[in-house]
Amino acid sequence: MADEERGEAASEILARFHSLVEVADRKFARVRDLPSTARGALHLLHCRKAFKAYTRLWQFQQQRRRELVAGGLRRWEIGDIASRIGQLYYGQYQRTSEVRFLLEAYVFYEAIVSRGYFEAARASAAPDLKLRYKELRFQARFFIVALLLNRTDEVRQLADRFRALVEESKAAFPATNFKEWKQVAQEISRFLKADVSSKISRPLRYNVLFDAHPSSFPYIARFHANRVLRLQDALLASYHRNEIKFAELSLDTYRMVQCLEWEPSGSSYQLFRKEPYENGAFSDQSGASGLIDINLAADLMDPDLPPNPHKAVIYHPSVSQFLAITFTSECQLLYVTATICEELSSDSILLIYISASGKTDCSVASHKNVNGKSTNSSKANHAPEASWKSDSSTSQPAIDDKLYSSTNPGSYLCLGAQGSNNLYPDDLVPFTRKPLFLIIDSDSSRAFKASLLKLTIHGAERGEASALLLSHEKPMSVSDTDLTSSGSQFTYFLTAPLQAFCQLVGLSSDVEADIYSNAESLLSSALAEWEVTLCTSKSLDRVWAQVLTDPFLRRLILRFIFCRTVLSLFCSPSDTAVHLPECVPKLPESLSPESAVTQIHIHHLAERLGVSNHFHFLDAIEDSVQSR
């Protein structure tokens, strides 16, 4: 009789558990269906409700775990809940760019793997296909989180585990076509092969111990007497045929995302394994424990660091989608007319990064209607991705395009495989209502430049700053290998300058640790000196003066100077026109590629790495080095 009563009680508790799961799943679906760029009041409302529902569910299964297990709770059900909580945290990271949410997602994902929540179901005599899809989706999401946290060793392990799981799934479900998941596995392999970095190289995030140069602080402080700007929002978009990517994150945008974030306390996001306690003792890991320290990641954050800039990443967008994401308000479901530009505070600037080709495979030109307006109204032009992703795109009318036609090739960027996805310079004019920092990484940047100059005029008329960094058109290297297989060379220099330098001169990623460390010190010294030169220059344009106080933008500008000087010294004088990046407005001549201030540091770096024979230095630089 007592056993029957306990069984009935366990069944009731299990029914209550499943009821809480259904409620939490509904809340989760509402958050999942919001656009990935939504950050408004509606998004906050749904997120709070979802977290509250999952907190209630999590606590319930912790408190009633014994009864739940007796009633038939399976381990994968706890894993599924933890996976959903991890997704919620990762979604918060995407919308806020705060790495603490990424760390929270990692804690839950890592616990799912370490406790083998899905393994028992996989070993079942009657495997469940839907459950296998859950596990595949989870593994793919965990890979992204570990990748963004620079967990190199774990990323490799996750990649191997994912490939093995796909092969195992094919054997366990021979009647099911896992082609889509095989493509995901191939994307992972291709991404990891391209993102080859030295084990001793630093992460791409801004590290206050290495990237800040105290010698320039007094000079930077002087700019605060006038109007200065801080980076508040960044829009990152890319489209190249067969570009390296995983999910909707291309290699170039991945590097830019990392480059625009703080690294807390100079750490490399080292998570310390904490085994959860239960009544003062280690908890039993053999059952469906689900004890995960939800506040673990919060202990690793540096409260003294400012927030990261908000970032919206869009992959293979149509032009209308690109403009809609940028101009729609944070609460996109309401389609209000406010824009990101209009929501910028008076001391903020918007960064737009576009990596795309202008010499395209686009076979259809952009059409014009009778009013001369562009009819860029096609849907996002990209192949269907694996079923573990959700579609969060929105569509808005494109900005008028009045001055360009298909007879002027190269005056646009191609964001898709159709001519209707051409982005023209005039499409960007509305952005100049507020300060704008624009980075164009394209093989047609020179053709794009003339038209982009109008942007600075529009901005000047309104009294706003518009700064442009334009890539060189042809990547260079000492070898004949296809450099596009490692992402854009220009973006590489902006995000990992020393690694890009090594790639340029043909050095492998396994440079000796002491030599590489010394090279990093030489580069840091060069950037520190250039920073002082830049801040003290009497010919510094007002636009640059307004953005130099922002550490992210200042670092991009200094790395641009490094990139431009290195490429100028590397290529022959007759080829500089197509091989050099450009900027608008001009930077001081004291930091030009022809300046001894810049060349001497490149010589020191090249000499230390044993590659000085690849560069063409001024005779005065060569003489001064030989006379030492």
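The legends below describe close-up views of cavities and nonpolar cores in a predicted model.

**View 1. The largest cavity and the residues about its centre.** In this predicted model, four cavities of 30 Å³ or more are found, and the largest cavity has a volume of about 310 Å³. Its lining is made up of 24 residues, among which Arg-202, Asp-211, Pro-497, Leu-523 and Arg-559 lie nearest the centre of the cavity.

**View 2. Helices that line the largest cavity.** Two or more lining residues come from each of helix H16 (497-504), helix H17 (513-536) and helix H19 (551-570), and H17, with six residues, provides the largest share of the lining. Sorted by class, the lining of the largest cavity comprises 12 nonpolar, four polar and eight charged residues.

**View 3. The largest nonpolar core.** This core has 150 residues, and those with the most contacts inside it are Leu-351, Phe-437, Ile-439, Phe-501, Trp-544, Phe-562 and Phe-615. Helix H19 gives the most to this core, contributing 13 residues. In soluble globular proteins, nonpolar side chains tend to be buried together.

**View 4. The surroundings of Phe-437.** When neighbours within four places in sequence are left aside, Phe-437 is in contact with Ile-349, Leu-350, Leu-351 and Ile-352, with Ala-467 and Leu-469, and also with Trp-544, Val-547, Leu-553 and Ile-557. Of these partners, Leu-351 and Trp-544 are, like Phe-437 itself, among the residues with the most contacts inside the largest nonpolar core.

**View 5. A second, separate nonpolar core.** This core has 16 residues, including Leu-350, Leu-413, Leu-438 and Val-584; Leu-350 is also one of the residues in contact with Phe-437.

Note on methods: Residues are numbered from 1 along each chain as its sequence is written. This is a predicted model: local features need pLDDT of at least 70, side-chain atom pairs count only at pLDDT 80 or more; totals for chains, interfaces and linings use all residues. Side-chain values use heavy atoms; hydrogens and water are left out. On a 1 Å grid over the protein atoms alone, a cavity is a set of points where a 1.4 Å probe fits but cannot get out, and a pocket is an open set with protein on both sides within 12 Å along at least five of seven lines; lining residues have an atom within 4 Å of a point. Grid points are joined across faces, edges and corners, and a volume is the space filled by probe spheres set on the points. Helices (H or I, at least four residues) and strands (E, at least two) are DSSP runs, numbered from the N terminus. Ala, Val, Leu, Ile, Met, Phe, Trp, Tyr, Cys and Pro count as nonpolar, Asp, Glu, Lys and Arg as charged, and the others, Gly among them, as polar. A nonpolar core is a set of buried Ala, Val, Leu, Ile, Met, Phe, Trp, Tyr and Cys residues joined through side-chain atoms within 4.5 Å. Buried means under 20% relative accessible area, exposed over 50%, partly exposed in between (1.4 Å probe, protein chains only). Contact means heavy atoms within 4.5 Å.
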